[in-house]
Amino acid sequence: MIANCLGKNEKGHLTIGGCDVKDLAQQYGTPLYVMDEGKIRETCRMYRDSFRKYYGGRGMPLYASKAFSCKEICRIVNEEELGLDVVSAGELYTALQAGFPAEKIHFHGNNKTPAEISYALDCSVGHFVVDNLTELELLDHLAGEKGCKARVLLRVKPGVDAHTHKFIRTGQIDSKFGFALETGEALTAAKEAAKAENLEFCGVHCHIGSQIFDVAPFVLAAEIMVGFIDQIRKETGITLEELNLGGGFGIKYVQEDTPPQYDAYMHAVSDAVHSKCKEYGLPVPYIFIEPGRSIVGEAGITVYHVGSVKEIPGVRTYVSIDGGMGDNPRYALYQSSYTVVAADKMDEPCTKEVTVAGKCCESGDLIQENVMLPELKPGDLLAVLSTGAYNYSMASNYNRIPRPAVVMIKDGQPRVIIRRESFEDLVKNDV
Ligand code: LLP
């Protein structure tokens, strides 16, 4: 199985967190997102433990809430003593509503509005990860007006090619995010941050991409960032004490995916940070990382009922499900690979090659093409695995299809953490 929270029972049904997926589909309806809390907590603990192991506890993993944001996930990661990365006032509001401590939140974004900055200052957000000079000036000004000091990290493009899909590669010069090192822009920003009266210049940040399997680009980025901290010290006299190295650790979507153990990234990056700091005679900074996908991705699945099965002789067979790009736009956007299984026919041989299609009025509304599944008929159940990250958070109401519910399993007990949208929800803002 793709993830250790998944299994198969004696009835030949898929299980998640020990629950029979067919029972869950009957109880809660489909489409349905199901997540395993034990798996999420296990990954949070692994990251936290690795900070003890590799940095003597001088660091903190932040959960990148863009991967899946709702109140309950904020409560869970807070209980696991992680911090949080938010990228909009909406994600910030969600976290605060869940009682997440503001001081453990890093506020990201390449175009934070004055209203968002003001709100975040009023909430005493822990750090602003500043993306550009316009924001730097605005933040300094607004913090001054409010008579407070904002803690700042500068987002830097270290220029590392992380060999990932080009839509999710963010560490290069041609990226809308952050200050480039090569052009001197990052150093200019550091000098500005150092002299800004209402800013406390704490450190630097980078994020080189997402769904990365190689350890090497993370090591290279960490080395470059420590080098930049050294350059800032030489040019401004300030020794930065914090370094945020972003997220991006890959997960398993299909059997062929072989992400390294997360501990391997942590170990290699820690070695790089320590040896570079030694080389430059710098104190080892307090380290942050921002994993999103790797915390929730493999912990989630989406369950659908099969509707029509359309065999086009000599062409292909479309198996249509009761969800689609509205709840999972990732195939339409990135041609992402997924494992699809027949959740109530796990023991049956996969003899048919089919394309799994959604119900939206759009030809590109596919979940996966050319996958092997058992013979399927209307009413059968399909499950798409590893949908815990960037599925619910990227879901839409296209075609006015209500968003599915999210059920969380803990110790074999399911509970709804996000209710299914109703038709009333769909029209509630219509005038
Ligand atoms: N930190 C920053 C600054 C980021 O931009 C991101 C992701 C993360 C952390 C978390 O990265 P993760 O550990 O989840 O890879 N919608 C795309 C992914 C976009 C990722 C954007 N930034 C997808 O569905 O694959």
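This is a predicted model: local features need pLDDT of at least 70, side-chain atom pairs count only at pLDDT 80 or more; totals for chains, interfaces and linings use all residues.
**Overall dimensions**

- Taken along the principal axes, the C-alpha atoms of the protein chain fill a box of roughly 70 × 50 × 40 Å.

**Helices α5 and α6**

- Two packed helices are described by the angle between their axes and the distance between the axes.
- Helix α5 covers residues 114-122 and helix α6 covers residues 133-146; they pack at an angle of about 45°, and their axes are 10 Å apart.
- That angle makes α5 oblique to α6.
- α5 and α6 cross in the right-handed sense.
- On the α5 side, the contact is made by Pro114, Ile117, Ser118, Leu121 and Asp122.
- On the α6 side, these residues meet Glu135, Leu138, Leu139, Leu142, Ala143 and Lys146.
- By type, the residues of the contact of α5 with α6 are seven nonpolar, one polar and three charged.

**Helices α7 and α8**

- Helix α7 (residues 185-195) packs with helix α8 (residues 216-236) at an angle of about 55°, and their axes are 10 Å apart.
- This angle makes α7 oblique to α8.
- The crossing in which α7 passes α8 is right-handed.
- α7 contributes Ala186, Leu187, Ala190, Lys191 and Ala194 to the contact.
- Their counterparts in α8 are Phe228, Gln231, Ile232, Glu235 and Thr236.
- The contact of α7 with α8 has six nonpolar, two polar and two charged residues.

**The sheet β1-β2-β3**

- Strands of a sheet pair through backbone hydrogen bonds, either parallel or antiparallel.
- Three strands form an open sheet here, in the order β1-β2-β3, and the pairing is antiparallel.
- β1 (6-8) and β3 (19-20) are at the edges; each has a single partner strand, so one side of each has no neighbour in the sheet.
- Strand β2 (residues 14-16) pairs with β3 over two bridges, in the antiparallel sense.
- Ile16 has Cys19 in β3 as its bridge partner.

Key
Residues are numbered from 1 along each chain as its sequence is written. Side-chain values use heavy atoms; hydrogens and water are left out. Axes are lines fitted to C-alpha atoms, for helices over the stretch in contact, and angles run from 0 to 180 degrees between N-to-C directions. Helices (H or I, at least four residues) and strands (E, at least two) are DSSP runs, numbered from the N terminus. Angles under 35 degrees count as roughly parallel, over 145 as roughly antiparallel, 65 to 115 as roughly perpendicular and the rest as oblique. A crossing is left-handed if the near helix is turned anticlockwise from the far one by less than a right angle, and right-handed if clockwise. Contact means heavy atoms within 4.5 Å. Ala, Val, Leu, Ile, Met, Phe, Trp, Tyr, Cys and Pro count as nonpolar, Asp, Glu, Lys and Arg as charged, and the others, Gly among them, as polar. Two strands pair if DSSP finds at least two bridges between them.
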